[in-house]
Amino acid sequence: MTEQDFILKSYNSNIDKGSVKWASPSNIALVKYWGKKAHQIPENPSISFTLSDCKTITEMTYIKKDNQGFSFDIYFEGEKNEAFKPKIQTFFERIEIYMPFLKDYHFKIETSNTFPHSSGIASSASGMSAIALCLMSIEKELSVPESDNVEFQDYFNQKASFLARLGSGSACRSIEGELVVWGKNESIVGSSDLYGVKFEGDVHANFKNYQDTILLVDKGEKQVSSTVGHQLMYGHPFATKRFAQANDNLAKLKTILASGDLNAFIKIVESEALTLHAMMMTSMPYFILMKPNTLEIINKIWAFREKTDSKICFTLDAGANVHVLYPEKEKDDVLQFIKNELANYCQNGHYICDQIGHGANQI
Ligand code: PMV
């Protein structure tokens, strides 16, 4: 598929109004996307676990209008929200060429998250993918009748991911599948810089229902937005090596996912998290996004692993919170350990238990 394939050629302009609703999950990258080219094209491929319970639920109501320009209102958790408007305006401008009906309607966007507001969990992946899916459902309603065949479903998901990517890069990995790859990589057939694809390789039973407990170390606003973060990779002294490393790590992870080698999995995942943070520490300007408690938690996880032979490991996004990853069969022991030893390092003792999910759902 190319960009041209996602341009809607014709639609039925007689439909006056309607409403669609989607729940879309967050995701956590195992191989990290950090650095992009123009038009939200990633510098390197990434792969993520889709989460199950951390979701954004969005309803979009559309009503035909006459005047020119984009028109929309956003309600976040029941209240009108002006702060999100510029991001949606930019998003609409970017995707208008692919969705020529956007100026024909007024949109009421009502959105809420299943995870607490200001938990420090990025809601851009779940939020942007939910809006992209709603827009795809509207496109489907306005389209000349399409059969609900497999081909159309593939197109629907690919275009939803393509649009979500234009809202927020990692959002393109929140549409469909337990593991999603985004970015061209030799070892993944069908991988694309334009949209995320469901990982179709073999996945060993060790990774089924893999657990992710998110330790909320810092619930504040991110110190560095991901937009600024990606820009820091321009001219970064280690950029070229980093992008090559991500490609290698993805190829290695493909084999590890098939073999179920948890020790090898831990090495890649933790190294990816620390490399992401190392990139930020070695950029100009430089940032330290971990907090003292992030390091305390990492050391406790390492000590626990040493002592118990557990396969627990951590990953980080571009902030201080820690995602604790572990196999389902260790759930009771690890949750006990988190409660006894890690919760103290979380803000107000707060953490969120989640696990691998399957992707977004229409409601
Ligand atoms: O989707 P963005 O532009 O917010 O970038 C997210 C980047 C990381 O979360 C740090 C890594 C990733 O691959 O999700």
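Author: The residue to begin with is K80, which sits in strand β6, residues 79-80; helices (H or I, at least four residues) and strands (E, at least two) are DSSP runs, numbered from the N terminus. The model is a predicted one, in which local features need pLDDT of at least 70 and side-chain atom pairs count only at pLDDT 80 or more, while totals for chains, interfaces and linings use all residues. Residues are numbered from 1 along each chain as its sequence is written, and side-chain values use heavy atoms, with hydrogens and water left out.

K80 has a relative accessible area of 48% and is therefore partly exposed, given that buried means under 20%, exposed over 50% and partly exposed in between, with a 1.4 Å probe and protein chains only. Once its neighbours within four places in sequence are set aside, K80 is in contact (heavy atoms within 4.5 Å) with D73, I74 and Y75. Y98 is 18 residues from K80 along the chain, and the C-alpha atoms of the two are separated by 28 Å.

Polar contacts here are pairs of N or O atoms within 3.5 Å. In the side chain of R173, an N or O atom is 2.7 Å from an oxygen atom of the ligand; for H230, a polar side-chain atom lies 3.0 Å from a ligand oxygen, and for S168 the side-chain N or O atom is at 3.2 Å from one. Of the 380 Å² of accessible area that the ligand has on its own, the protein covers 90%, areas being taken from the Shrake-Rupley method with a 1.4 Å probe.

Turning to the whole protein, there are 8 helices and 14 strands, and the C-alpha atoms fill a box of roughly 65 × 45 × 40 Å along the principal axes. Buried residues make up 53% of the 363. Among contacts between residues at least 6 apart in sequence, 77% join residues at least 24 apart. The protein exposes about 16200 Å², of which carbon and sulfur atoms supply 50%.

Some backbone details remain. Most residues other than glycine have a negative phi, and most peptide bonds are trans. M284 and P285 are joined by a cis peptide bond, with omega about 0 degrees, and P285 lies in the loop between α6 (262-281) and α7 (292-308). D309, in the loop between α7 and β11 (313-316), has a positive phi near 65 degrees and counts as exposed because its relative accessibility is 57%. N348, in the loop between α8 (331-342) and β13 (351-355), has a positive phi near 50 degrees and, at 72% relative accessibility, counts as exposed.

Key: Polar contact = N/O pair within 3.5 Å; in protein donor to acceptor, adjacent residues only side chain to side chain.
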